[in-house]
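Hi everyone, thanks for coming. Please have the sequence and the structure open while I talk, and we'll walk through a few places together.

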Amino acid sequence: MSGGWDVTSTEELTGTRLSFHCWPSNRLEANRSVAPFGALYSPLKKLPPQCCPPTTLPYDPIRCSTQTCHAVLNPYCQVDYHAANKLWICPFCAGRNHFPPHYNDNISEANLPAELIPQYVTCEYELQTVPDQGPPCFLFVIDTCTNAKEELQELADSIQQALNLMPSECLVGLITFGTNVSVYELGASENVSKSYIFRGNRQYLPGRVGELLGCTRRPVQQQQQQPNGQPQMPAGVAGPAEEVLERFLLPVSECSLALESILEDLRRDPWPVPSDKRPARATGCALSVATSLLHLAIPRRGARIMLFTSGPCTSGPGAIVSRLKEDDIRSHQDLAKGAEPLHQPACEFYAALAFPGTIQLDDGTKKKKTKPVAPTTAPHHVVDVFACSLDQVGLLEMRELVEATGGLVVLGDSFGQSVFKESLRRVFNRFPDEIPQDGGQMEMAFNATLEVLTSGEFKIAGAIGPVTSLNRHGPNVSDVEVGKGGTNAWGLGGVNPDTTVGVYFDISNTGPVPEGKRRYMQFLTKYQHANGRTRLRATTLAGEWFNPPVLPKDDPIAERQAMINSPVKASFDQDAAAVLVARMAVYQTETDDVGDVLRWVDRSLIRLCSKFAEYEPDNPQTFRLSPEFSLYPQYMFHLRRSQFLQLFNSSPDEACYYRYTLARETTTNSLIMLQPTLLSYSFNGPPQPALLDAESVRPDTILLLDTFFHVVVFHGETIAAWREQGYHEQEEHAAFRALLEAPQSDAQLIMDARFPVPRYIVCDQHKSEARFLMAKLNPSVTHNSNLDGGGAQVNTDDVSLRVFMEHLMKLSVQT
């Protein structure tokens with residue numbers, strides 16, 4: 001069986017990537033395997049037509065009637081076609097279920113519904129029982145405390161371009177903030193802009209926002225047609241939601257001119273700022289007003305709150321630093337010591353905004369209290385953060401809000417940077433026109449929830465990604481928690497085709513399983529499409545069990561020989577396992593010291609190699625790893641040195657941004673973050689993949705480094721000198737000109753297909769920006785090395801990959 005596993009095909013066919021494809025049948029053997037048993041699942045990934053129906057199925061799914069199961073009908077169900085009342089047996093609970101009459105009368109072995117066709121392990125349903133909620137809403141929340149008016153003009157220009165990318169029926173709204181918060185009435189006269197001012201030093205609940213905006217119930221002449229997704233009001237009365245939709249949240253087609261006029265006239269916050277103080281920036285209050293406005297007007301319709309900020313919140317709820325410049329903004333050391341009194345209150349404030357209906361204000365202190373009721377539904381409204389500042393903006397405190405709602409994060413230096421401008425455009429990406437049914441529709445989706453069902457031999461330990469627990473306890477929920485556990489369902493909020501969730505499993509079976517018995521898992525993703533309809537995607541996977549042979553006691557040779565021939569070993573996907581372990585490590589940094597996390601990574605790697613490598617005891621020279629495991633140690637080597645675990649030279653906001661992005665991206669993108677790719681360009685031939693090593697740096701080559709967050713074109717010393725002398729401008733040196741252009745063209749291709757858009761850096765050897773490349777290279781050549789072998793010197797005390805592997809082999813073979 002070894003060598004027969006195609007571990008990457010499931011990602012293309014089902015949107016999932018498993019760390020092991022063949023699982024040991026008992027908990028003891030699973031624990032000995034060290035690497036987590038898990039799946040990386042992309043719920044909105046577009047699949048090839050041979051794997052799923054080309055369009056959604058226009059009916060609700062048939063579900064198992066067992067109280068604790070409710071699995072969706074799938075190709076792995078056993079069907080009795082010959083009974084008078086046709087039956088299907090659920091593979092998860094073995095429950096027997098009758099088909100509804102219209103199925104019972106029409107299906108046969110030759111006439112199968114889509115959900116029973118063997119190759120359609122993924123089916124997507126458009127739910128008929130859920131009303132159409134209408135197109136999404138986009139609420140722009142703009143910081144006017146920018147350092148220069150040009151910054152505000154660049155931002156206004158980008159938002160105007162974004163308006164042209166939206167479908168005309170989408171709703172839009174505008175809020176600006178500085179010392180105070182302004183909510184603009186877009187339904188007013190186009191010639192006069194009208195706004196309502198909220199004091200920036202307090203928090204506002206939905207009811208209070210409606211009162212201050214003058215949106216209270218009023219008599220009308222006749223009953224009006226209610227907008228999609230709104231509760232029906234009695235005849236003769238219009239509620240505050242209807243007023244908000246008439247005045248503050250309007251379709252793009254009706255208010256684009258008024259909105260563009262307001263954006264063109266935007267001015268910096270007029271309140272004076274003393275030289276020894278920071279601007280009074282009421283970010284927390286602005287988000288409070290924004291979430292309350294949407295909760296009041298469109299509680300069940302998908303929406304995005306798009307926050308554009310250029311500095312930290314210094315005023316009102318959610319402040320992370322005082323206005324006095326002599327008070328430094330929190331650092332890693334402050335957070336480790338608990339010496340930042342504003343951090344925890346700000347975290348609690350922003351986290352509660354994900355569910356504005358659960359917030360209460362105490363009349364005496366005006367501080368919020370959240371009800372002790374855990375969320376049971378996913379947020380309908382996504383909060384995105386576009387932060388363009390040289391200083392920190394408080395992303396660390398806002399992370400829980402962004403994560404709970406499935407929001408996007410973009411960090412840049414200025415609103416004029418392509419990192420921001422192009423990333424904002426790509427938020428509104430649409431599916432290609434040739435895609436059936438969804439062609440031309442926006443890729444984003446809202447109010448997504450993920451439920452995972454399993455067969456009885458294993459349970460769900462938890463999930464890591466942009467998720468929040470929905471606290472649904474069932475028989476398939478493990479007592480062992482990994483990430484956000486104790487549930488089999490999570491809220492994802494906003495999702496797109498690249499959103500990926502890591503789901504971890506716990507094999508609870510204690511004995512052998514019957515020969516031929518398979519394991520089953522089903523991913524059920526319910527979400528609101530950009531067209532307002534609610535869909536359910538069901539992906540069902542089946543896999544093999546392996547019963548470990550009975551071995552003599554205390555016979556390590558027999559145990560190792562059995563492992564060499566084990567199909568569990570042959571089915572290992574080192575790429576998926578590395579990403580799952582990286583997510584676990586990053587999640588642990590939220591509660592544990594980074595040093596403890598590094599030791600956990602090291603111990604896990606040593607135990608894994610000791611289990612699966614081939615070697616003679618106490619003889620490192622005989623240590624060998626099979627191809628299924630050969631790359632895994634270097635993934636861990638680069639993880640240890642990465643910005644996810646090493647906090648040097650990164651602020652708390654930057655570290656939060658990197659970790660959040662890792663936790664939501666696809667397997668391929670996550671691997672690029674862990675171990676960047678390097679291409680070498682020279683006169684010796686076409687571009688070649690190069691080792692991520694200091695020895696790859698040569699004076700006569702150009703290197704292209706892709707770290708996901710940065711794309712670096714690095715010119716060797718000789719190449720840079722020739723370019724400075726203008727050789728590429730001479731006709732006889734056309735080959736040199738082509739060599740200079742090739743990596744830049746390839747870099748553009750990389751950046752064209754990525755969100756957020758990476759920072760593009762062109763640098764020369766020995767210049768300051770060369771650090772972006774040198775910091776990622778394996779330090780095989782350092783100030784302590786012999787430089788005769790070539791390569792560039794990396795000034796670091798980190799050990800090289802060779803030394804790391806020597807220590808790993810020595811510790812793995814110890815008895």
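Let me begin with a question: which residues does Phe-523 touch, not counting residues up to four places away in sequence? Keep in mind as we go that this is a predicted model. Phe-523 touches Thr-16, Ala-39 and Tyr-41, then Leu-450, Glu-451 and Val-452, then Val-503 and Phe-505, and finally Arg-537, Ala-538, Thr-539 and Leu-541, once residues up to four places away in sequence are left out.

Phe-523 also belongs to the largest nonpolar core, which has 138 residues. Inside that core, Phe-505 and Phe-523 are the residues with the most contacts. Helix α15, residues 574-588, gives the most to this core, with 10 residues. Another core lies apart from it and has 40 residues, among them Val-172, Leu-174, Tyr-184 and Ala-530. As a general reminder, in soluble globular proteins nonpolar side chains tend to be buried together.

Now to the helices. The axes of α15 and helix α19, residues 667-674, come within 10 Å and cross at roughly 70°. Angles of 65 to 115 degrees count as roughly perpendicular, and therefore α15 and α19 are roughly perpendicular to each other. Their crossing is left-handed. On the α15 side you'll find Asp-575, Ala-576, Ala-578, Val-579 and Ala-582, and these meet Thr-667, Ser-670, Leu-671 and Leu-674 in α19. By class, that contact has six nonpolar, two polar and one charged residues.

What about the angle between helix α4, residues 149-165, and helix α12, residues 418-427? They pack at about 20°, with their axes 9 Å apart. That makes α4 roughly parallel to α12, because angles under 35 degrees fall in that class. The crossing of α4 past α12 is right-handed. If you want to click through the contact, α4 supplies Glu-154, Leu-155, Asp-157, Ser-158, Ile-159, Gln-161, Ala-162 and Leu-165, while α12 supplies Phe-420, Lys-421, Leu-424 and Arg-425. In this contact of α4 with α12, six residues are nonpolar, two are polar and four are charged.

One more helix, please: α18, residues 652-662. It is mostly covered, with 10 of its 11 residues buried. The buried ones are Pro-652, Asp-653, Ala-655, Cys-656, Tyr-657, Tyr-658, Arg-659, Tyr-660, Thr-661 and Leu-662.

Is Asp-143 buried or exposed? This residue sits in strand β8, residues 137-143. Asp-143 has 0% relative accessibility, so it counts as buried. Leaving out residues up to four places away in sequence, Asp-143 touches Leu-152, Phe-177, Arg-281, Phe-308, Thr-309, Ser-310 and Gly-311. Asp-143 and Arg-268 are 125 residues apart along the chain, and their C-alpha atoms are separated by 8.7 Å.

Gly-494, in strand β23, residues 489-495, is our next stop. Its relative accessibility is 2%, so Gly-494 counts as buried. With its neighbours within four places in sequence set aside, Gly-494 is in contact with Val-382, Thr-405, Gly-406, Ala-445 and Phe-446. Gly-494 and Ala-404 lie 90 residues apart in sequence and 9.1 Å apart in space, C-alpha to C-alpha.

Now back to a helix. Ala-742 is in helix α21, residues 734-752. With 27% relative accessibility, Ala-742 counts as partly exposed. Between the C-alpha atoms of Ala-742 and Leu-808, 66 residues apart along the chain, the separation is 39 Å.

Which peptide bond is cis, with omega near -10°? That is the bond from Phe-755 to Pro-756, and Pro-756 is found in the loop between α21 and β33. Then there is Asn-471, in the loop between β22 and β23. Its phi is near 55°, a positive value in a residue other than glycine. At 35% relative accessibility, Asn-471 counts as partly exposed. Asp-618, in the loop between β27 and β28, has a positive phi too, near 65°.

That's my tour, and I'm happy to go back to any of these places with you.

Technical notes:
Residues are numbered from 1 along each chain as its sequence is written. This is a predicted model: local features need pLDDT of at least 70, side-chain atom pairs count only at pLDDT 80 or more; totals for chains, interfaces and linings use all residues. Side-chain values use heavy atoms; hydrogens and water are left out. A nonpolar core is a set of buried Ala, Val, Leu, Ile, Met, Phe, Trp, Tyr and Cys residues joined through side-chain atoms within 4.5 Å. Buried means under 20% relative accessible area, exposed over 50%, partly exposed in between (1.4 Å probe, protein chains only). Helices (H or I, at least four residues) and strands (E, at least two) are DSSP runs, numbered from the N terminus. Contact means heavy atoms within 4.5 Å. Axes are lines fitted to C-alpha atoms, for helices over the stretch in contact, and angles run from 0 to 180 degrees between N-to-C directions. Angles under 35 degrees count as roughly parallel, over 145 as roughly antiparallel, 65 to 115 as roughly perpendicular and the rest as oblique. A crossing is left-handed if the near helix is turned anticlockwise from the far one by less than a right angle, and right-handed if clockwise. Ala, Val, Leu, Ile, Met, Phe, Trp, Tyr, Cys and Pro count as nonpolar, Asp, Glu, Lys and Arg as charged, and the others, Gly among them, as polar.
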